[in-house]
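Please read the following walk-through with the sequence and the model side by side.

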Amino acid sequence: MGSNGATGSNGAAGPNGDEGTAGFEASLTAGEATFEGHDAALLRAIAAAGSVSGAASDLGRSRARALSRLEALESAFGDLVDRRRGGADGGGSSLTANAESLLARFERLTAALAGTAGAAESVFDGGVTGREGELAVVDTDAGPLRALAVGDPEPADGDAVQVSVRADAVTLHEPSGTPSPDATSARNRFPGVAAAVDRGDAVVEVRIDVGAGEPLSALITVDSADRLGLHEGSEVVASFKATATRATRTNAAGDGDDRKE
């Protein structure tokens, strides 16, 4: 069985430039297999129904599909369901101690990630130097970036803006393993140094000095931090999608009619 790891939506990108899964949903990995929310639901349904067939019916899945998924999980995570055939009690299925432990791990990770709903936002100050459809090109102290232009009116060339990005939208890469701009949709990228690493049980909050005055916050999983060998002073590359940002005019309040025609 491969080594287990805990991940969320965002994480470290490995040497091949692979990014964490989207949505910041909890997952556990073993080798090539990934245990996710629908798998936890299957195990819970088996425990409640007492059989794979009953669980599949309750979840609206086919028995064949449920069995196939269960076999794939067991090949990676070990025995998960104890199946009994016939006998005085008519047989049935129950979860193994290994399955209970796996579910407990998944629930702890899910609870930790649920706490990221109030994840910190980083703010870049800058000026709009151009527009690309709904996106504003913004010049900041850390370098140019692209962000969604929002507000009424939307930012235009020459406007001073603030660009906000949530910590759980930021992906960290090893400098040598950063994918090329054409290989990922996360076109905003900044090299920097980890100025602070706050490690929790399941997630790690990292503050990266990217030369923007205030550090850029990133929220990644413990597993991702371990793959990076992350510590204070580590050199990293932070990336995030333009669609994960918001650029608003700094002087938007109360002067919407002041712009000259």
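Helix 3 (residues 63–77) has as its buried residues A66, L67, L70, L73, E74, A76 and F77. Buried here means under 20% relative accessible area, exposed means over 50%, and partly exposed lies in between, with a 1.4 Å probe and protein chains only. Helices (H or I, at least four residues) and strands (E, at least two) are DSSP runs, numbered from the N terminus. The expected span of a helix is 1.5 Å times one less than its number of residues. For the 15 residues of helix 3 this gives 21 Å, which agrees with the 21 Å between its end C-alpha atoms. Just after helix 3, G78 has a positive phi of about 95 degrees.

The model is predicted: local features need pLDDT of at least 70, and side-chain atom pairs count only at pLDDT 80 or more, while totals for chains, interfaces and linings use all residues. Residues are numbered from 1 along each chain as its sequence is written, and side-chain values use heavy atoms, with hydrogens and water left out.

The term stands for a side-chain nitrogen of Lys or Arg within 4 Å of a carboxyl oxygen of Asp or Glu. Side chains of opposite charge can pair when their charged atoms come close. The side chains of R69 and D39 meet in this way at 2.7 Å, N to O. D39 is buried, with a relative accessible area of 0%, whereas R69 is partly exposed at 27%.

In the whole structure, 9 salt bridges are found. Another of them joins R199 and D226 at 2.9 Å, N to O. This pair links distant parts of the chain, with R199 in strand 12 and D226 in helix 5 (residues 222–228), 27 residues apart. R199 is partly exposed at 46% relative accessible area, and D226 is partly exposed at 46%.

What does the interior look like? The largest nonpolar core has 30 residues, and F124, L172 and L230 have the most contacts inside it. Such a core is a set of buried Ala, Val, Leu, Ile, Met, Phe, Trp, Tyr and Cys residues joined through side-chain atoms within 4.5 Å. Contact means heavy atoms within 4.5 Å. Leaving aside neighbours within four places in sequence, the contacts of F124 include V163, F190 and F240. A second, separate core of 28 residues includes F35, L43, I46 and A55.

Strand 15 (residues 235–240) has 5 of its 6 residues buried. Two strands pair if DSSP finds at least two bridges between them. Strand 11 (residues 171–173) runs antiparallel to strand 15, joined to it by 3 bridges, and L172 has A238 as its bridge partner. Strand 12 (residues 188–199) also pairs with strand 15 in the antiparallel sense, over 6 bridges. In that pairing, F190 stands opposite A238.

Overall, the protein has 5 helices and 16 strands. Of its 261 residues, 43% are buried. Among contacts with a separation of 6 or more, 62% are between residues 24 or more positions apart.
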